[in-house]
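Subject: Structure for you to look at

Hello,

Here is the structure I promised to pass on. Please open it first and then read the notes below.

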Amino acid sequence: MAYETLIVEIEDYTCLIRLNRPDALNALNAQLMTELAQAVTAADRNDKVRCIVITGNEKAFAAGADVKEMASKGFTEVFFDNLFGPEAEAISRARTPIIAAVSGYCLGGGCELAMICDFILAADSAKFGQPEINLGICAGMGGTQRLTRFVGKSKSMDMHLTGRFMDAAEAERAGLVSRVFPAKSLMEETLKVAAKIAEKSMITAMIVKEAVNRAQETTLAEGLLFERRMFHASFATEDQKEGMAAFLEKRQPQFRDR
């Protein structure tokens, strides 16, 4: 499928999705979000895709939602349209692991999009923020909820109430970012991580993703029970037999997603 606001490439079982509105610092407008939801859904259904990477360019992952598109809207319109809701939900429903590779500005809706992904790899040039308060609004795509879960109430309140930016080093210390790389090597390193994920059993990767996400949705007791049942269920797969046999035989496993 051809996209106007994205560049999509599939190679070595990785679907690389580049946000492509460089003149607007990849600001998230309705077209981009619609196309992104479509691209992620298509990749999630593609047997040749075992990991998805969402990225922007060196200047910006995404500098926020498109203010020009939103400025004239009123409550009734954004409420009936459920602005950004369906697209964000479609991306979050993907069962394939998703990595956000962030360089430059990752603000507002861009930061929220990165947090929807399963984890964030950042360039040392990355800057994260939720500055919606400067526009007279609050975050609308999970910023107040996900950021608080990532970095805690105090730092989340600080960022949302002041609109300040967090650099890559602070983001890694706070737990928002998994790893930080030099800007020039971000994509090379990200694709290495994606390739490592693609080597694994997709059944197991999906189980891991569900179990980790459950930790944010339920109590510890319920989460532990869910994890244990998923652990038990994995023993019904051929990949469990292959993985353990390969370990005992001191060889690389050949997973078949069965």
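How much space lies in the second largest pocket? About 480 Å³. This is a predicted model, in which local features need pLDDT of at least 70, side-chain atom pairs count only at pLDDT 80 or more, and totals for chains, interfaces and linings use all residues. Residues are numbered from 1 along each chain as its sequence is written, and side-chain values use heavy atoms, with hydrogens and water left out.

Pockets

A pocket here is an open set of points, on a 1 Å grid over the protein atoms alone, where a 1.4 Å probe fits, with protein on both sides within 12 Å along at least five of seven lines; lining residues have an atom within 4 Å of a point. Points are joined across faces, edges and corners, and the volume is the space filled by probe spheres set on them.

The second largest pocket has 21 lining residues, and Ala65, Met70, Glu132, Ile137 and Cys138 lie nearest its centre. Two or more lining residues come from each of α2 (67–70) and α5. Helices are DSSP runs of H or I with at least four residues, and strands are runs of E with at least two, numbered from the N terminus. The lining divides into 14 nonpolar, 5 polar and 2 charged residues (nonpolar: Ala, Val, Leu, Ile, Met, Phe, Trp, Tyr, Cys and Pro; charged: Asp, Glu, Lys and Arg; polar: the others, Gly among them).

The largest pocket holds about 920 Å³ of space. It is lined by 36 residues, with Cys117, Asp118, Lys209, Val212 and Asn213 closest to the centre. α10 gives the most to this lining, 9 residues. By class, the lining of the largest pocket has 18 nonpolar, 8 polar and 10 charged residues.

Helix packing

α5 and α6 have axes that come within 10 Å and cross at roughly 60° (axes are lines fitted to C-alpha atoms over the stretch in contact, and angles run from 0 to 180 degrees between N-to-C directions). The two helices are therefore oblique to each other (under 35 degrees is roughly parallel, over 145 roughly antiparallel, 65 to 115 roughly perpendicular, the rest oblique). Glu112, Met115 and Ile116 of α5 make the contact with Gly143, Arg146, Leu147 and Phe150 of α6 (contact means heavy atoms within 4.5 Å).

Helix α1 (residues 30–44) packs on α4 at about 20°, with the axes 9 Å apart. That makes α1 roughly parallel to α4.

Regards
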